[in-house]
Structure formats: structure tokens, C-alpha cells
Amino acid sequence: MRAALIWAALAALIAVPLALAALSPWLAYRGFAYITGGFAGILALCLLLLQPLLVAGYLPGLRGPRGRRWHRRAGMALVGLTLLHIAGLWFTSPPDTVDALLLRAPTAFSVWGFISLWAILATAALVALRRRIAPPRWRWAHNALAALVVLATVLHAVQIEGAMELVSKWALCLAALAATAAALVDLRLLRR
């Protein structure tokens, strides 16, 4: 019963924002690239809720090595979705995308998106170099980058007025922040 409730809550936290975004009137006159890039960003935000739950073993049936294996797969998907998000924005408006990537855009959400993008890419590079870095240093750097990715992405998402419905977006963002904080405390302080 407890496992079913956990999975049901997780499914609701992910499915409701996605469904409400899909029904958003903002999408009525948007092109394929904008919609694809936007939903890639929403799915990436959903993965930021899953990632700490997987690595900390909080999801029933996905504890231990199995959870860590799915954590790595979700990490690769996160990188792919992030690049798809950028590509969608590029095809929609190249000048705006260049301004955002060069920190010339006059919006705060662009700055947090920029920080999130580079933190995700730095995390991917860190994962590729895992065997060359001492495990304690690697874990510290990975945890720090993961916290930065979640914080910057949440700050990026909540400032955007787009397809995501406000309440479900905040619920997803707060859940991602809470899951990340709980996993970091649990893995770094309680299970040392």
C-alpha cells in the first residue's frame, strides 16, 4: 500500500504539470520547434524530481544498484532533453537564443537557464571523468553541481510565463527541491 501511494504521488507530480501544459492556450499559435523545446524543458524538470529519489533509493522497487542504474540513465536523458530544449529555442528564435547563451538577454530567467545549462554540462563532464577523480572529491563535486542544477532550473522555470500551469509548476519545483535536499542530507550526512 505504501509503495503504491509513493508511486501514485510521483506520477501525479509529473503527469499533472505535463497534462496541464499540453492543454495550455499558449500553445495554440506556437510552432513545432517551440512546443518541442518547451516540453523538453518540462520533461527535464520532471527528471530533476526523479534523480535524487533514484540515487537515494527512495522509490520502491528501484533501490540500491537498480536505482543508481536508472539514475545514470535519467542523467543521460536530462542532458539530451536540455540540448533539445536549446535546439527548440534556437529554431524558434536564433537571435534570442544567442543572446541567452551569451548572457545578453535582459531577463533573469535567461541567466538562471544559462547557469543550469552549464551546470548540467559540467555534471556530464564530471561523470565522464569519474574514474580519474578520487571518489570523495567526485561525490562532493557531483552533489554540489546537482544542487546547483536543481536550484538554477527551478529559478529558471518559476520565472517563465509559458505553457506550464502555475500551481502544478510550483508543486513540481518544490518537490524537486525537497527531494534534492533530503537526498543530499541523507547520502552525505546520515549514511556516511
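I call a crossing left-handed if the near helix is turned anticlockwise from the far one by less than a right angle, and right-handed if clockwise. I am working on a predicted model, where local features need pLDDT of at least 70, side-chain atom pairs count only at pLDDT 80 or more, and totals for chains, interfaces and linings use all residues. I number residues from 1 along each chain as its sequence is written, and side-chain values use heavy atoms, with hydrogens and water left out.

Confidence. I looked up pLDDT (the predictor's confidence in each residue, from 0 to 100). The protein averages 94, and 98% of the residues score at least 70. Helix α2 has the highest mean, 97, and helix α4 (residues 94-101) the lowest, 91.

Helix pair. I took α2 (residues 32-55) and α3 (residues 65-92) next; their axes come within 8 Å and cross at roughly 160 degrees. The two helices are therefore roughly antiparallel (angles over 145 degrees count as such). Their crossing is left-handed. I sorted their contact by class and found 16 nonpolar, eleven polar and one charged residues.

Rings. I checked where a charge sits over a ring (NZ of Lys or CZ of Arg within 6 Å of the ring centre and within 35 degrees of the ring normal). R30 has its charged end over the ring of Y34, 4.2 Å from the centre. R73 has its charged end over the ring of W70, at 4.6 Å from the centre.

Note on methods:
Axes fitted to C-alpha atoms, helices over the stretch in contact; angles between N-to-C directions. Helix = DSSP H or I, 4+ residues; strand = E, 2+ residues; numbered from the N terminus. Parallel < 35°, antiparallel > 145°, perpendicular 65-115°, else oblique. Nonpolar A, V, L, I, M, F, W, Y, C, P; charged D, E, K, R; others polar.
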